[in-house]
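Subject: Structure handover

Hello,

Here is the structure for you to look at. Some notes on its aromatic and nonpolar side chains follow below.

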Amino acid sequence: GGAEEKTGGQAEERSEMILLPPPEVIAIDAVVNHGMKQFKKRSLNRDLNKAWLGFGGGFESKRLSGPLSTGMWGCGVFMGDPLLKYLQQAMAAAEVNRKLHFSTYGNKKCETQFTRMHRDLLKAEVTVGQLYECLVAFYKPRNLDELPIFAASGGSLEEHLRENLNL
(Lines give C-alpha, C1' and ligand atoms only; values in the text may rest on other atoms or scores of the structure.)
Protein backbone atom coordinates (compact mmCIF):
# COMPACT_ATOMS: atom_id res chain seq x y z
CA GLY A 1 0.00 0.00 0.00
CA GLY A 2 1.29 3.38 -0.93
CA ALA A 3 0.62 6.85 0.47
CA GLU A 4 0.10 9.93 -1.63
CA GLU A 5 1.74 13.28 -1.03
CA LYS A 6 1.10 16.46 -2.90
CA THR A 7 4.23 18.25 -3.98
CA GLY A 8 4.03 21.04 -6.52
CA GLY A 9 0.62 19.93 -7.73
CA GLN A 10 1.77 16.38 -8.51
CA ALA A 11 0.76 13.29 -6.62
CA GLU A 12 3.66 11.00 -5.76
CA GLU A 13 3.22 7.47 -4.58
CA ARG A 14 5.39 6.38 -1.72
CA SER A 15 5.64 2.68 -1.03
CA GLU A 16 6.58 1.21 2.28
CA MET A 17 9.91 -0.52 2.28
CA ILE A 18 10.45 -3.73 4.14
CA LEU A 19 14.02 -3.88 5.29
CA LEU A 20 15.44 -7.37 5.30
CA PRO A 21 18.67 -8.26 7.01
CA PRO A 22 21.56 -8.35 4.57
CA PRO A 23 22.50 -11.80 3.31
CA GLU A 24 25.42 -13.47 4.95
CA VAL A 25 28.20 -14.23 2.50
CA ILE A 26 30.81 -16.81 3.31
CA ALA A 27 33.71 -18.17 1.31
CA ILE A 28 34.97 -21.69 1.88
CA ASP A 29 37.81 -23.32 0.03
CA ALA A 30 37.91 -27.05 -0.65
CA VAL A 31 40.74 -29.54 -0.70
CA VAL A 32 42.62 -29.58 -4.00
CA ASN A 33 42.09 -33.09 -5.35
CA HIS A 34 45.45 -34.71 -5.98
CA GLY A 35 44.31 -38.15 -7.08
CA MET A 36 41.87 -39.41 -4.47
CA LYS A 37 43.03 -37.13 -1.63
CA GLN A 38 39.49 -35.78 -1.10
CA PHE A 39 38.33 -39.21 0.08
CA LYS A 40 40.91 -39.55 2.84
CA LYS A 41 39.42 -39.17 6.31
CA ARG A 42 41.55 -36.09 7.03
CA SER A 43 40.30 -34.34 3.87
CA LEU A 44 36.69 -35.40 4.52
CA ASN A 45 36.88 -34.02 8.05
CA ARG A 46 38.53 -30.80 6.94
CA ASP A 47 35.83 -29.98 4.40
CA LEU A 48 32.97 -31.13 6.64
CA ASN A 49 34.25 -28.99 9.52
CA LYS A 50 34.72 -25.96 7.27
CA ALA A 51 31.19 -26.32 5.88
CA TRP A 52 29.74 -26.82 9.37
CA LEU A 53 31.47 -23.70 10.70
CA GLY A 54 30.67 -21.68 7.58
CA PHE A 55 27.01 -22.69 7.76
CA GLY A 56 26.79 -21.54 11.39
CA GLY A 57 27.87 -24.48 13.49
CA GLY A 58 29.54 -23.69 16.79
CA PHE A 59 27.87 -20.30 17.19
CA GLU A 60 25.13 -21.16 19.67
CA SER A 61 24.79 -17.57 20.92
CA LYS A 62 24.17 -16.28 17.39
CA ARG A 63 22.43 -19.19 15.72
CA LEU A 64 22.01 -18.65 11.99
CA SER A 65 18.68 -19.85 10.68
CA GLY A 66 18.10 -18.74 7.10
CA PRO A 67 18.41 -20.99 4.09
CA LEU A 68 21.80 -21.62 2.50
CA SER A 69 22.53 -21.17 -1.16
CA THR A 70 25.59 -22.99 -2.39
CA GLY A 71 26.88 -25.03 -5.28
CA MET A 72 29.51 -27.37 -6.58
CA TRP A 73 32.21 -26.17 -4.21
CA GLY A 74 35.63 -27.53 -5.14
CA CYS A 75 34.43 -29.20 -8.36
CA GLY A 76 36.03 -26.87 -10.89
CA VAL A 77 39.78 -26.56 -11.17
CA PHE A 78 40.10 -28.38 -7.81
CA MET A 79 38.61 -31.46 -9.53
CA GLY A 80 36.42 -32.43 -6.58
CA ASP A 81 33.89 -35.21 -6.84
CA PRO A 82 30.49 -33.47 -7.28
CA LEU A 83 28.51 -36.08 -5.34
CA LEU A 84 30.95 -35.98 -2.43
CA LYS A 85 30.88 -32.17 -2.29
CA TYR A 86 27.08 -32.16 -2.42
CA LEU A 87 26.87 -34.71 0.39
CA GLN A 88 29.39 -32.86 2.56
CA GLN A 89 27.39 -29.65 2.28
CA ALA A 90 24.06 -31.43 2.82
CA MET A 91 25.48 -33.11 5.95
CA ALA A 92 26.76 -29.80 7.35
CA ALA A 93 23.44 -28.06 6.61
CA ALA A 94 21.53 -30.88 8.33
CA GLU A 95 23.72 -30.62 11.41
CA VAL A 96 23.04 -26.89 11.79
CA ASN A 97 19.37 -27.36 10.87
CA ARG A 98 19.39 -25.08 7.84
CA LYS A 99 17.65 -25.58 4.51
CA LEU A 100 20.04 -26.08 1.62
CA HIS A 101 19.50 -24.68 -1.87
CA PHE A 102 22.13 -26.40 -4.01
CA SER A 103 22.89 -25.20 -7.53
CA THR A 104 24.35 -27.56 -10.09
CA TYR A 105 24.80 -24.63 -12.49
CA GLY A 106 22.62 -26.29 -15.12
CA ASN A 107 24.27 -29.72 -14.91
CA LYS A 108 21.18 -31.93 -15.32
CA LYS A 109 23.09 -35.17 -14.69
CA CYS A 110 24.26 -33.90 -11.27
CA GLU A 111 20.84 -32.44 -10.50
CA THR A 112 19.16 -35.80 -11.15
CA GLN A 113 21.83 -37.75 -9.24
CA PHE A 114 21.75 -35.46 -6.18
CA THR A 115 17.95 -35.30 -6.06
CA ARG A 116 17.66 -39.09 -6.27
CA MET A 117 20.40 -39.61 -3.66
CA HIS A 118 18.81 -37.09 -1.26
CA ARG A 119 15.39 -38.71 -1.64
CA ASP A 120 16.80 -42.20 -1.11
CA LEU A 121 18.84 -41.18 1.97
CA LEU A 122 15.73 -39.65 3.54
CA LYS A 123 13.56 -42.64 2.66
CA ALA A 124 16.09 -45.03 4.22
CA GLU A 125 16.36 -42.73 7.27
CA VAL A 126 20.15 -42.60 6.99
CA THR A 127 21.69 -40.40 9.67
CA VAL A 128 24.53 -37.96 9.11
CA GLY A 129 26.72 -40.26 11.24
CA GLN A 130 25.90 -43.31 9.13
CA LEU A 131 26.58 -41.42 5.93
CA TYR A 132 29.88 -40.15 7.34
CA GLU A 133 31.03 -43.67 8.25
CA CYS A 134 30.13 -44.89 4.76
CA LEU A 135 32.08 -42.03 3.15
CA VAL A 136 35.12 -42.80 5.32
CA ALA A 137 34.88 -46.47 4.34
CA PHE A 138 35.03 -45.61 0.63
CA TYR A 139 38.79 -44.94 0.82
CA LYS A 140 40.58 -48.01 2.14
CA PRO A 141 44.32 -48.30 1.61
CA ARG A 142 45.40 -51.92 1.95
CA ASN A 143 48.79 -50.90 3.30
CA LEU A 144 51.19 -47.99 3.02
CA ASP A 145 53.01 -49.44 0.00
CA GLU A 146 49.94 -50.00 -2.14
CA LEU A 147 47.48 -47.75 -3.87
CA PRO A 148 44.09 -47.51 -2.19
CA ILE A 149 41.17 -49.62 -3.35
CA PHE A 150 37.81 -47.93 -3.66
CA ALA A 151 34.69 -49.72 -2.49
CA ALA A 152 34.51 -53.47 -2.29
CA SER A 153 33.22 -53.62 -5.85
CA GLY A 154 35.79 -51.14 -7.15
CA GLY A 155 32.85 -48.97 -8.19
CA SER A 156 31.88 -45.36 -7.92
CA LEU A 157 31.05 -43.43 -4.78
CA GLU A 158 27.35 -43.64 -5.61
CA GLU A 159 27.54 -47.43 -6.04
CA HIS A 160 29.41 -47.71 -2.73
CA LEU A 161 26.79 -45.64 -0.88
CA ARG A 162 23.84 -47.47 -2.41
CA GLU A 163 25.36 -50.86 -1.62
CA ASN A 164 26.46 -50.09 1.93
CA LEU A 165 23.47 -47.98 3.02
CA ASN A 166 20.89 -50.24 1.34
CA LEU A 167 19.51 -47.48 -0.86
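A patch is made of residues with over 30% relative accessible area and no salt bridge, with like charges joined within 9 Å and nonpolar side chains (Val, Leu, Ile, Met, Phe, Trp, Tyr) within 5 Å. A salt bridge is a side-chain nitrogen of Lys or Arg within 4 Å of a carboxyl oxygen of Asp or Glu. Areas come from the Shrake-Rupley method with a 1.4 Å probe, and for residues only the protein chains shown count as cover.

This is a predicted model, where local features need pLDDT of at least 70, side-chain atom pairs count only at pLDDT 80 or more, and totals for chains, interfaces and linings use all residues. Residues are numbered from 1 along each chain as its sequence is written, and side-chain values use heavy atoms, leaving out hydrogens and water.

On the surface, Trp52, Leu53 and Phe59 make up a nonpolar patch, together having about 280 Å² of accessible area.

Rings of Phe, Tyr and Trp (its six-membered ring) pair if their centres lie within 6.5 Å; planes under 30 degrees apart count as stacked, over 60 as edge-to-face and the rest as tilted. The count comes to 4 aromatic pairs. One of them is edge-to-face: Tyr86 and Phe102, with ring centres 5.0 Å apart and planes at 85°. Tyr86 and Phe114 are stacked, because their planes are at 5°, with centres 4.8 Å apart. Tyr86, Phe102 and Phe114 form one aromatic cluster.

Tyr86 is buried (under 20% relative accessible area; exposed is over 50%, partly exposed in between), at 8%. Phe114 is also buried, at 4%.

Regards

Notes:
Buried < 20%, exposed > 50% of the residue type's maximum accessible area, 1.4 Å probe, protein only.
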